[in-house]
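Student: I have a new structure to look at, and I would like to learn how to read it. Could you walk me through a few features?

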Amino acid sequence: MNDNLVGERGLLRGVLAVTEPELTGAKTWDAAIAALVEYRLNQDGVPVPEWTGSASRRLERARPLRTGPYDVVPARSDVPAEFLEHGVLVWRDTLESV
């Protein structure tokens, strides 16, 4: 999803995010998806869809986005603001597209 959003600019980036994706069943990932959409749309100054503000897309307590057993939890200073707002601790560097 990140690479698809990175590959587009402006309103086309926003069009990709208009429709809310189904919930994954994992609260951390659901919050991370909303945070990612906000992060990428804010880069281009594109309005953020309402679904990203849903309670089901925010964590009450911040948690790391774990992708493996050896993941290190980032310091809050290394986490983009949009992810902090959703309660997801993810390294800013992991959002860099290859």
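This is a predicted model: local features need pLDDT of at least 70, side-chain atom pairs count only at pLDDT 80 or more; totals for chains, interfaces and linings use all residues.

Student: Which residues lie nearest the centre of the largest pocket?

Tutor: Look for Trp29, Leu65, Thr67, Val90 and Thr94, which lie nearest the centre among the 20 lining residues. Helix α3, residues 27-44, supplies the largest share of that lining, with four residues. Sorted by class, the lining has 15 nonpolar, three polar and two charged residues.

Student: What about the nonpolar core: which residues have the most contacts inside it?

Tutor: The general idea comes first: in soluble globular proteins, nonpolar side chains tend to be buried together. Here the largest nonpolar core has 21 residues, and Val37, Phe83 and Val88 have the most contacts inside it. Helix α3 gives the most, with nine residues.

Student: Which residues does valine 88 touch?

Tutor: Leaving aside residues up to four places away in sequence, valine 88 touches Thr28, Ala31, Ala32, Leu59, Arg63, Leu65, Val79 and Phe83.

Student: How many aromatic pairs are there?

Tutor: To read such a pair, check the distance between ring centres and the angle between ring planes. The count comes to one aromatic pair. Tyrosine 39 and phenylalanine 83 form it, at 6.1 Å centre to centre and with 65 degrees between the planes. Planes over 60 degrees apart count as edge-to-face, so this pair is edge-to-face. The pair links distant parts of the chain, as tyrosine 39 is in helix α3 and phenylalanine 83 is in helix α4 (residues 81-86), 44 residues apart.

Student: Are these two residues buried or exposed?

Tutor: The test is the relative accessible area, and buried means under 20%. Tyrosine 39 has 10%, so tyrosine 39 is buried. Phenylalanine 83 has 2% relative accessibility and therefore counts as buried too.

Student: And where does glutamate 38 sit, in terms of helices?

Tutor: Glutamate 38 is in helix α3. Its relative accessible area is 8%, so glutamate 38 is buried. Among the residues glutamate 38 touches beyond four places in sequence are Val48, Arg58, Glu82 and Glu85. Glutamate 85, in turn, is found in helix α4. Glutamate 85 touches Glu38 and Arg58, again not counting residues up to four places away in sequence.

Student: Is valine 72 buried or exposed?

Tutor: The cut-off for exposed is over 50%. Valine 72 has 58% relative accessibility, so valine 72 counts as exposed. Valine 72 lies in the loop between β1 (63-64) and α4. Its C-alpha is 9.5 Å from that of valine 90, with the two 18 residues apart in sequence.

Notes
Residues are numbered from 1 along each chain as its sequence is written. Side-chain values use heavy atoms; hydrogens and water are left out. On a 1 Å grid over the protein atoms alone, a cavity is a set of points where a 1.4 Å probe fits but cannot get out, and a pocket is an open set with protein on both sides within 12 Å along at least five of seven lines; lining residues have an atom within 4 Å of a point. Helices (H or I, at least four residues) and strands (E, at least two) are DSSP runs, numbered from the N terminus. Ala, Val, Leu, Ile, Met, Phe, Trp, Tyr, Cys and Pro count as nonpolar, Asp, Glu, Lys and Arg as charged, and the others, Gly among them, as polar. Rings of Phe, Tyr and Trp (its six-membered ring) pair if their centres lie within 6.5 Å; planes under 30 degrees apart count as stacked, over 60 as edge-to-face and the rest as tilted. Buried means under 20% relative accessible area, exposed over 50%, partly exposed in between (1.4 Å probe, protein chains only). A nonpolar core is a set of buried Ala, Val, Leu, Ile, Met, Phe, Trp, Tyr and Cys residues joined through side-chain atoms within 4.5 Å. Contact means heavy atoms within 4.5 Å.
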